Amino acid sequence: MSAQRILVVGGVAGGASFAARARRQSENAEIILFERGPHVSFANCGLPYYVGEVITDEANLLMATPQRFRDLFRIDVRTRHEVTAIDREAREIEVVDLESGRRFRERYDELLLAPGAAPVRPPFPGIDLPGIFTLRTIPDSRKIREWIDERGARRAVVVGAGFIGLEMAENLARRGLEVTLIELQPQVLPPLDAEMAWYVQHELQHHGVRVVLGDGVGGFAERNGELEIVTAAGHTLRTDMVILGIGVKPEATLAREAGLAIGARGGIVVDRQMRTSDPHIFAVGDAVESVDVVTGQSFPVPLAGPANRPGRRAADIVTGKGGAFRGTQGTAVCGVFDMTAALTGANEKTLVQAGIPFAKTWLHPRDHAKYYPGAETMHMKVLYDPASGKLLGAQAVGKAGVERRIDVIATALQLGGTVYDLEEAELCYAPQYGSAKDAVNFAGMISANTLRGEGPVAHWDELTPDAVLIDVRDEDEFSLGHVPGARNIPLASLRERAHELPADRPVYVYCQVGQRGYYAARMLELNGIHSRNLSGGYETRQALAASGRLPEPVA
Ligand code: FAD
């Protein structure tokens, strides 16, 4: 019997993971990998930091070379080879050698597609002017570096405030450029909810990045050696260069032309075994739509983890070991100057759109024990099922410890965990790393208390005009800023002054971050006075107000 012939299209995250794993599962298979670009297995995630000169040696971006694939895994890697068509009937692909122009066909038993996603480049007037860049490959990053160095660029406009846009804004600013970030949505980092993204926006502005929200590019022009951007709202920006970071589009043309099923969002349709609508063709990575574990909907998820893991899984299936991919949940992290923003699962916007009922908790714990020097406040939001407490999503921003908390919650979420599991999670602790009751435990405790009716909470956007607002912070905190109409009764005197609270109007208590408000609500409850604690306290209220999420100020 002849050896199984496995062909791979695309040699970076998904394709390279697949090919290496396929070899580890089968010594007999013949594996040939075709990559259109000059490199395989390069670190696209490192590219913004190469532009920013944090990574100084380009060679460090190469995780493996074609030679290494040959030596280590006996995989025939052909760079600068583009696969141009799939003949499903004959089980052959058409390939063009981009160096020589030679065209040829290769037969396969099983085919893996990992062609990734291409940066979106809308047909704006002037889009092809020199100085307008996208970033996907090492040559792209080299061109950006050369432009900055050779032209002495001093100003940059980054279009799009997603992960790549923010990383580029930071790295260009780090190189001393004056950076303007322009985003169509009314917030930066759209995968976060607006009040969480507000902290990121603040961090950008604090580091001198000009942030323009709710406006987009109308077109580009070149005037006197400068690039001119006219925005949709009619403003003009002048700059030396532009980075487009307005998203990516699955590279599904090859699959579409071969008649494979394509999803509503433009990605290749695959099942849980990463099999396309053709049983001998598999697909992974940015090019596919994967099932979201929270909403059950299929989306392209252009992240490295969701390309690598199904790559391994597909290799197991192709080589006969079986298995299935668990799906994706969008766990992601982004560094923005001194701040980290991370998330997992669904955000509030997505849950609303999907019609999934949810409850939410905001909290602002410290990353490690308050008494140990250097403790930083984190801002966290946890979303969960109001009946079962099952985790639906979490977001966190802050200067330390953010990604660890989101990783813990991401693991719990993937395993179907609840806020009760977070409450009980046993996590490592020493004062410089965390607290005996960790931020994750707090998130679970507050949420579980709410579900058990032991700590009734309300949210700032639920307040009715007849609400009585009691600010239980100390007088000096109150005097520094408070919600209009709130009365100050510090927690320490609340027990004695409880008789001042009206019995015929809903009473809400709040403090700075929600903890003293919880103590106040519990104490009142046990004394027969029903009140509700405003989740996340004054800190959350300010973030909601600043991000435009508070409908009406309280009277
Ligand atoms: P890719 O890694 O894009 O590889 C696809 C390859 O297929 C390409 O090299 C392409 O040339 C080749 N190809 C396409 N069509 C053909 C064809 N017809 N024939 C031959 N070859 C073909 N994700 C994170 O999780 N964290 C991060 O911090 C992060 N940072 C990023 C920063 C940047 C600048 C970029 C661009 C991406 C970043 N990502 C990050 C996303 C992550 O890199 C991708 O999700 C991941 O690389 C997708 O893997 P893939 O194998 O699907 O596609």
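The model is predicted: local features need pLDDT of at least 70, side-chain atom pairs count only at pLDDT 80 or more, and totals for chains, interfaces and linings use all residues. Residues are numbered from 1 along each chain as its sequence is written, and side-chain values use heavy atoms, without hydrogens and water.

Gly11 sits in the loop between strand S1 (5-9) and helix H1 (13-25); helices (H or I, at least four residues) and strands (E, at least two) are DSSP runs, numbered from the N terminus. Not counting residues up to four places away in sequence, Gly11 touches Ala16, Leu33, Phe34, Glu35, Val40 and Ser41, where contact means heavy atoms within 4.5 Å.

The ligand is surrounded by 27 residues, of which Gly14, Glu35, Val83, Asp286 and Ala304 are the closest; a residue counts if one of its heavy atoms lies within 4 Å. H1, strand S2 (30-35) and strand S4 (81-87) each supply at least two residues of this shell, and S4 gives the most, with three.

| Residue | Part | Distance to a ligand oxygen atom |
|---|---|---|
| Ala13 | backbone N or O atom | 3.5 Å |
| Asn44 | side-chain N or O atom | 3.1 Å |
| Asp286 | polar side-chain atom | 2.7 Å |

Taken alone the ligand exposes 1,000 Å², and the protein buries 89% of that (Shrake-Rupley method, 1.4 Å probe).

Thr361 lies in strand S24 (residues 359-363) and is buried, at 1% relative accessible area.

Definitions and conventions: Buried < 20%, exposed > 50% of the residue type's maximum accessible area, 1.4 Å probe, protein only. Polar contact = N/O pair within 3.5 Å; in protein donor to acceptor, adjacent residues only side chain to side chain.
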